[in-house]
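Please look through the structure shown below, and keep it open while reading the report that follows.

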Amino acid sequence: MNILQHNSFVLSTHMHPDGDGLGSILALMAFLEERGKTVTCVLPDPVPGRYGFLGLQAQYEPQRCDCWIVLDTADPKRLGALYAEQKALATSIVWIDHHEGSGSSASSVAEVLYEHFFDGTVLSPKAALGLYVSLVTDTQSFQKQETTALAHGIASKITMTGFVNPAWVHQNIYASRSLHTLHLFAKVLARTKMDNALAWSELRLSDKAPMDETLFFLDEIFMLQNATIACLFREQQDGYRVTLRSRGKGLVHLAQEYGGGGHQNACGFFIAKRGKKSINEVLTRLKALL
Ligand SMILES: [Mn+2]
C-alpha cells in the first residue's frame, strides 16, 4: 500500500461513524500531515457528540483529491450519497477495512493501520489517541473474541507513549449516557426474551431512540448467561434494522443473504416490514443456527 506517492488526501468512514472509523481517521490524518500531505476528513454523517474529544475537524462536502481513503468499510452502500459525489472528485480510492470479505481478521482498523504505517515509528499524540480509540471501541474494551495479543501489544505501545490516558478516553466515550437513553434501556431490557441460547429485544419507532446512544443495548443483552446469539430489532418506517451478536456461530452469511454484512460475531442487515412475519422469520433462522 504505497499511498505516500500522493499529495492530497480525503479520509472518510461509514455512515453513523463509530470510534473505529473516527479514531483511525485521526491517526492516519496525523501520519499523513506529519509527512507534509494535505488531508481533509469528509464524512457522510456528523461526528457523534461523544467523539467530540477527538478534536477531528470534519467536513461534509466532497473535496477534490489525489487519493480518497475510506476506513472501516469496503461497502459503497455504507457511504450513502457521499460515495458517488466523492468518487467523482478523487483520482484514486483506497479501502482500508477489516470486515468479512476484506481478507483481514484484524480486531479493528487500528491494527491494520499499525502494521502498515506505524510499526517502528514514533507515535505522535494524535496518532496515539486515534489508534487507541479505534482499538478500544472495536474490541469493546478488549473483550471481544477478535482481541488478540496483537491488540494488547499495540495498546501497550500506545499507552507507553504517555499521550493517552485510558480512563479519560473511557469516560469520554462511555460515561455519556442521557437519562432518556437510560430510561429507553430499561424498556428494551423489559422487552427482552430468551429461547434456548437466543436472546432478543426490540426498539420501536415510538421510542424515538437516537441511533448513536443506543448502540450499547445489544451488547448488554448479549451478557445474558448462556446466550450465544443476541439480536436487536430496531423499527424503522418501512422495516427493521437487525443487529446481531454471537459467540462462534458465524452469522455473517445470514446477514449477507439479507443484503447486510459485518463480522462473523457482530453483523447486521435490514428487513422490510411485513407484519409479525418479518421478525419471526429472522428468529426462526437464528434458532436454526444455535
Ligand atoms: Mn471496525
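## The parallel sheet

In this predicted model, strands β1 and β4 pair in the parallel sense over 5 bridges, and within that pairing Phe9 stands opposite Cys67 in β4. Both strands belong to an open sheet of 5 strands, whose order is β3-β2-β1-β4-β5 and whose pairing is parallel. The edge strands are β3, which covers residues 58-59, and β5, and each of them pairs on one side only. Strands of a sheet pair through backbone hydrogen bonds, and the pairing may be parallel or antiparallel.

Helix α1 lies across β1, β2 and β4, and it runs at about 170° to β1. The loop between β1 and α1 contains His16, a residue other than glycine whose phi is positive, near 50°. Most residues other than glycine have a negative phi. His16 counts as partly exposed, because it has 15 C-beta neighbours inside 10 Å.

## The largest nonpolar core

Which residues have the most contacts inside the largest nonpolar core? This core has 49 residues, and those with the most contacts inside it are Leu11, Ala27, Leu28, Ile69, Leu113, Leu131 and Tyr132. Two or more residues come from each of the elements β1 (8-13), α1 (19-33), β2 (38-42), β4 (65-71), β5 (90-96), α3, α4 and α5 (149-160), and α1 gives the most, with 9 residues.

Leu131 shows how such contacts can link parts of the chain: leaving aside residues up to four places away in sequence, Leu131 touches Gly23, Ala27, Ala110, Leu113, Tyr114, Phe118, Ile154 and Ile158. Apart from this core lies another, of 30 residues, among them Ala199, Leu203, Phe222 and Val282.

## Helix α4 and its neighbours

Helix α4 covers residues 125-138, and its axis comes within 7 Å of the axis of helix α3, residues 109-118, with the two crossing at roughly 145°. On the α3 side, Val109, Ala110, Leu113, Tyr114 and Phe118 meet Ala127, Leu131, Ser134 and Leu135 in α4. The residues of this contact divide into 8 nonpolar, 1 polar and no charged.

Is α4 mostly covered or mostly uncovered? It is mostly covered, with 12 of its 14 residues buried, including Ala128, Tyr132 and Asp138. After α4 comes Gln140, whose phi is positive, near 50°.

## The mixed sheet

There is also an open sheet of 6 strands, with the order β6-β7-β8-β9-β11-β10 and mixed pairing. Strands β6 (193-195) and β10 (261-262) stand at its edges, each with a single partner strand, so one side of each is left without a neighbour in the sheet. The pairing of β10 with strand β11, residues 266-272, is antiparallel and extends over 2 bridges, and here Gly262 has Cys267 in β11 as its bridge partner.

Helix α10, residues 276-288, packs on this sheet, where it touches β6, β7 (198-203), β8 (229-235), β9 (239-246) and β11. The direction of α10 makes about 20° with that of β9.

## Buried and exposed positions

Phe217 is placed in helix α8, residues 216-221, and it counts as buried because it has 23 C-beta neighbours inside 10 Å, where the cut-off for a buried residue is 20 or more. Leaving aside residues up to four places away in sequence, Phe217 touches Phe185, Val188 and Leu232. Phe217 and Phe185 are 32 residues apart along the chain, yet their C-alpha atoms are separated by 6.6 Å.

His183, in helix α7, residues 179-190, is exposed, with 10 other C-beta atoms within 10 Å. The C-alpha atoms of His183 and Asp207, which are 24 residues apart along the chain, are separated by 10.0 Å. Asn226 is found in the loop between α8 and β8; Asn226 is exposed too, with 8 other C-beta atoms within 10 Å, and its phi is near 75°, a positive value in a residue other than glycine.

Conventions
Residues numbered from 1 in each chain as written. Predicted model: local features only at pLDDT ≥ 70, side-chain atom pairs only at ≥ 80, totals over all residues. Axes fitted to C-alpha atoms, helices over the stretch in contact; angles between N-to-C directions. Helix = DSSP H or I, 4+ residues; strand = E, 2+ residues; numbered from the N terminus. Contact = placed C-beta atoms within 7 Å. Nonpolar A, V, L, I, M, F, W, Y, C, P; charged D, E, K, R; others polar. Core = buried A, V, L, I, M, F, W, Y, C linked by C-beta atoms within 7 Å. Pairing = 2+ DSSP bridges.
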